[in-house]
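I opened my notebook beside the model and wrote down what I looked up, one entry at a time. Here are the entries, in the order I made them.

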Amino acid sequence: NVNRNALGVEMTKIVGNRQLRKRIHVNIAHVRKSRCNEDFLRRVKENDRKKQDAKLLGTKAVVKRIPEGPKEMKIVKATAEDVEVLTPLPFIENYF
């Protein structure tokens with residue numbers, strides 16, 4: 001829905017435990033194009049280029065995304081003075 005200076009937008013509103021789809025009018029100055037698909041399209045073009053290069057070389061291209069995996073191990077060195085042990089205060093019964 002497009003008006004002279006507004007644009008119809010669908011959004012979701014959380015009501016209780018469900019999401020309702022709401023339609024509202026928003027000023028054109030407050031609207032921007034979604035960029036959520038850019039990374040996917042860039043990856044598709046890059047993968048097509050990799051496949052084409054691999055085909056010319058006669059090899060097979062690996063185009064699957066590889067997970068990052070766990071971080072490298074670290075060893076933390078500290079002296080006995082730097083270590084502070086936190087213990088709860090002992091319970092004191094006050095019966096008056």
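**Entry 1: a pair in the helix.** I began with Glu 46 and Arg 42, which both sit in helix α1, four residues apart, or about one turn of the helix. Their side chains meet in a salt bridge, with N and O 3.3 Å apart. This is a predicted model, so I keep its confidence in mind and come back to that below. I then checked how open the two partners are. Glu 46 counts as partly exposed at 27% relative accessibility, and Arg 42 is partly exposed too, with a relative accessible area of 45%.

**Entry 2: further along the helix.** What else does Glu 46 form a salt bridge with? I found Lys 50, the closest N and O atoms being 3.9 Å apart. Lys 50 and Glu 46 are separated by about one helical turn, because they are four residues apart in helix α1. I noted the general rule here: an α-helix has 3.6 residues a turn, so residues three or four places apart point the same way. Lys 50 is partly exposed, at a relative accessible area of 37%.

Entry 3: I looked at the span of α1 next. The helix has 20 residues and reaches 29 Å from its first C-alpha to its last, close to the 28 Å expected at 1.5 Å a residue. Gly 58 follows α1, and its phi is positive, near 80°. I also picked out Asp 48, which has its place in helix α1. Asp 48 counts as partly exposed, with 44% relative accessibility.

**Entry 4: the strands.** How many bridges pair β1 with β2, and in which sense? I got ten bridges, in the antiparallel sense. Two residues lie between the strands of this hairpin, where Gly 16 takes a positive phi near 70°. Among the bridge partners, Gly 8 goes with His 25 in β2, and Glu 10 goes with Arg 23 in β2.

Entry 5: On accessibility, Arg 23 counts as exposed at 70%, while Glu 10 counts as partly exposed at 45%. A search of the whole structure gave me seven salt bridges.

**Entry 6: the chain as a whole.** I stepped back to the overall layout. The chain has one helix and two strands, and read along the sequence the pattern is β-β-α. Is the chain a compact globule or an extended one, going by its radius of gyration? I compared the two values: a compact globule of 96 residues would have a radius near 12 Å, but the chain has 29 Å. Its C-alpha atoms fill a box of roughly 75 × 55 × 25 Å, taken along the principal axes. Buried residues make up 4% of the 96 residues. I also looked at the contacts with a separation of 6 or more, and residues 24 or more positions apart account for 7% of them.

**Entry 7: confidence.** I closed with the pLDDT values. The chain averages 93, and 100% of the residues score at least 70. Where is confidence lowest, and where highest? I found the lowest mean, 94, in strand β1 (residues 6–15), and the highest, 97, in helix α1 (residues 38–57).

Conventions
Residues are numbered from 1 along each chain as its sequence is written. Side-chain values use heavy atoms; hydrogens and water are left out. pLDDT is the predictor's confidence in each residue, from 0 to 100. A salt bridge is a side-chain nitrogen of Lys or Arg within 4 Å of a carboxyl oxygen of Asp or Glu. Buried means under 20% relative accessible area, exposed over 50%, partly exposed in between (1.4 Å probe, protein chains only). The expected span of a helix is 1.5 Å times one less than its number of residues. Two strands pair if DSSP finds at least two bridges between them. The radius of gyration is taken over C-alpha atoms; the globule rule is 2.2 Å times the number of residues to the power 0.38. Contact means heavy atoms within 4.5 Å.
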